[in-house]
Amino acid sequence: MIEAGELAAIQAAHPRVFRRTAAERGRLALAWACFGGVLALGLWRVLPTWDAFVAGLAKLGFLVGFMIPPAHGGHLGQMLHGLGETLAMAFLGTLFAAVVAVPLGFLGARNVLPVRPLHFGLRRLFDGLRGIDSLIWAIVFVAAVGMGPFAGILALAVPDAGTLAKLFAEAIENIEKRQVEGIEAAGANGLERARFGILPQVLPVMLSHVLYFFESNTRSASILGVVGAGGIGLQLAERIRLDDWQEVAFIILLILVTVAVIDFLSGWLRRRVIAS
Amino acid sequence: MVAAGGSDAFALFEARYRQLQREKALTTGCGVVLFAVAFVASAVVGEVDPARLMTGVPSILDYAYRTLPEISARQPLADIAEWFWGIDIWLMLMLDSVLIGFVGTLAGAGAAVALCFHASANLTPNRLSFWLARRGFEFARTVPELVFALIFVFAFGPGPFAGVLAIAIHSAGALGKLFAEVNENVDPRPIEALAAAGAGWSETMRFAVLPQVLPNFLSYSLLRFEINVRAASVLGIVGAGGIGEELYLVVRRFLYSDISAIVLLILITVSLIDIVCERLRHGLIEAGPARATR
Amino acid sequence: MLELIGLTRRFGAVTAVEHVSLSVPNGQMVGIIGRSGAGKSTMLRLINRLIDPTAGRIVFEGRDISLLKGRALRDWRTDCAMIFQQFNLVQRLDVLTNVLMGRLNHRPTLSSLFKMFSAEERALAIRTLERFDLAGAALQRADTLSGGQQQRVAIARALMQKPRIILADEPIASLDPRNGKVVMDALRTINREDGLTVLCNLHTLDIARHYCDRIVGMRAGRVVFDGVPAQLTASMVRDIYGMSEEELDHAETVTSTAVGAVGSPLAA
């Protein structure tokens, strides 16, 4: 293709085409070393021994085999009750979060309450609430108010109230000013201003967010039962402990179907809310 | 004549208007009734009643109060040290959680990259692999991580490996869907050029598609890493390694000040990782990878 | 010798290319002219097999290539390199890598996927770029170059394939006249020096007359003119375009776009 002499000449004329400069090579080596180091540390901490891995894989194979065919084993009523509980938790958890988040969102919006320290403090509170996973809230609430769906509802509502309040506050900060000025010009007080000037503008956005959270909470609520906070998760964890894999598979399928149905319904509602 | 026509038109308008109002009222009414039914049903099934709320709220406040550490003005540092008495163990466990998130994200992203080209309608080599990849991603992201974790803990025994697997599978599903969406918006012209030059399918993906989508892939993976560190810090609750196990333990033993210390540690770690990842993501979006071949 | 025998392509009810028969001896530079939508683009894509013919055959050196599949099809595509109106470079990659893309079908896939190109291949790429005064830009990203430079990079990529035929689909339609001339000169250079057959869709008659040995005129998917530039009389132009050359200069309708260039290029 190319003789040696010409190759050498081209290499001499365009050295960087054939080899990186020392500085580039150094940077690249450093980047790979950092990445490799973290990865090696990670693998060292998480990887099981080879024997444990093979044994686990074999066990996993058996489990999947035992799952077929999925069966409810005569516990369909109990499972459906758990599923109902899951949906109830998702519904009420989202509802409570939304109810609390509306006033919090108004207070946290810069254009509603132009008090910097208050605004800053509220925003940090929202961040704190949503920084903690609902499962952590669940174990705390189970300890505080006892086992059952009530703890689950609270566990969903608390972090969501933080996230929704933040989203609501952002939506309120992005509204059109002229409509609010119109209401003010008509002599409205602060509360009336919020109700008639701001709320109509942000309500569709808020509703859409709330519906989206309902979808995601249906997924979350299906596992809170693992720590005793109600719903289908408790039965799932029990079946796994009892080695009842056909029923485990059945419950997983139930969860999948429920989540798909809720996604579909909520997606349909969200499109309607945004369209109107 | 004109007057009669006018009143006819007016009557017609009135009738239409009233019908529309009726329809609207009907929809609203149905909505309200449905909502009320759902609310009552949920309250019954969810065992929520005003009495429960009344007793619940004080007990929560009491619980929250108990978790507050005792920090005196006289020797605040010593008190904080006392509050975080287990910091060396907890930091190690927190590091484990972060590493579980890291390895899990990496493995999940790798699987997602490998399969996402099959799951894109514009790139897939055949309908069967498209269908399989799509359904696989859907399954992997719809089953909650914790369910995977429960099963893997049962199979592989307690420990971080189960957590890594659970996070990897769930991430592969979530990222795979996003990656496929990114793929479906690529510029088709380089793909055509490479196909016209006789390049094979994998080479076309590597050189015509990957350079276009890589910044987005990295950005989504970083976002996923943030989410996964949160997830990894709770997976320990079912025995899948990391700080979650310790947290569950201290909650069940009512070691109140330990609860607040560990929760605070998780909060700080998660926030730090969020901040670092956000920086990286902004850098990615601005620069994009300009890799030379050498 | 490239022969098209009764080549036909229909998209639904629309016939883009209808019963085209042509034979092109090796080393000829052929300009294909016609209104936009006349089927010029579809014909080039049919020859490269980016789209499959509905009827008819494509024969090269006595070998029927209209039914090739898999490996053999990719080899054929490597033999007839394509140049596009929009250059179709990978914008985010550097010029060198874009040029090396032309080697993909000549080398093991696995080492390609890790971008392990040999020193010899890199030198070849540089030597090809040098022919078009672009060796200095080898490590720049493709999107930092001007349109004319990008099209020359695309020609370099085509040459790296070691092709027998170059199919150029409106190579200068997106360029200003000066850059258009540079690119056409480059195409003529490779036609004369490397002895490659060039089939080139053009929308400017002047350019076609100036650069091509032979001109093929298409209208509504059919070949309506086939001869040397001198034979392209005013009445012939009117026949091809449905208007005179003066009107043509003013009309914008002749700027060709790839009509019906759909279908999956990945279905190899």
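Two residues count as being in contact when their C-beta atoms, placed from the backbone, lie within 7 Å. Helices (H or I, at least four residues) and strands (E, at least two) are DSSP runs numbered from the N terminus. Axes are lines fitted to C-alpha atoms, for helices over the stretch in contact, and angles run from 0 to 180 degrees between N-to-C directions.

This is a predicted model, in which local features need pLDDT of at least 70 and side-chain atom pairs count only at pLDDT 80 or more, while totals for chains, interfaces and linings use all residues. Residues are numbered from 1 along each chain as its sequence is written, and chains are lettered from A and ligands numbered from 1 in the order in which they are written.

**View 1**

**View 2**
Look for C:R10, whose bridge partner in β2(C) is C:T15, and for C:F11, which stands opposite C:V14. The hairpin has two residues between its strands, and C:G12 takes a positive phi near 60°.

**View 1. Helices α8 and α10 of chain A.**
The axes of α8 (residues 149–173) and α10 (residues 190–224) of chain A come within 10 Å and cross at roughly 150°. α8(A) and α10(A) are therefore roughly antiparallel to each other (angles under 35 degrees count as roughly parallel, over 145 as roughly antiparallel, 65 to 115 as roughly perpendicular and the rest as oblique). The crossing is right-handed, meaning that the near helix is turned clockwise from the far one by less than a right angle. Among the residues that meet are A:L164, A:L167 and A:F168 in α8(A) and A:V202, A:M206 and A:F213 in α10(A). By class, this contact has 14 nonpolar, four polar and one charged residues. In this classification Ala, Val, Leu, Ile, Met, Phe, Trp, Tyr, Cys and Pro are nonpolar, Asp, Glu, Lys and Arg are charged, and the others, Gly among them, are polar.

**View 2. Two helix pairs in chain B.**
The axes of α8 (residues 189–196) of chain B and α9(B) come within 9 Å and cross at roughly 145°, in a right-handed crossing. The contact includes B:I191 and B:L194 of α8(B) and B:F207 and B:V209 of α9(B). For α4(B) and α7(B), the axes come within 6 Å and cross at roughly 40°. These two helices, α4(B) and α7(B), are therefore oblique to each other.

**View 3. Where chain B touches chain A.**
The contact takes 45 residues from chain B and 50 residues from chain A. On the side of chain B, the largest share, seven residues, comes from α6(B). The residues of that side divide into 32 nonpolar, eight polar and five charged.

Methods: Two strands pair if DSSP finds at least two bridges between them.
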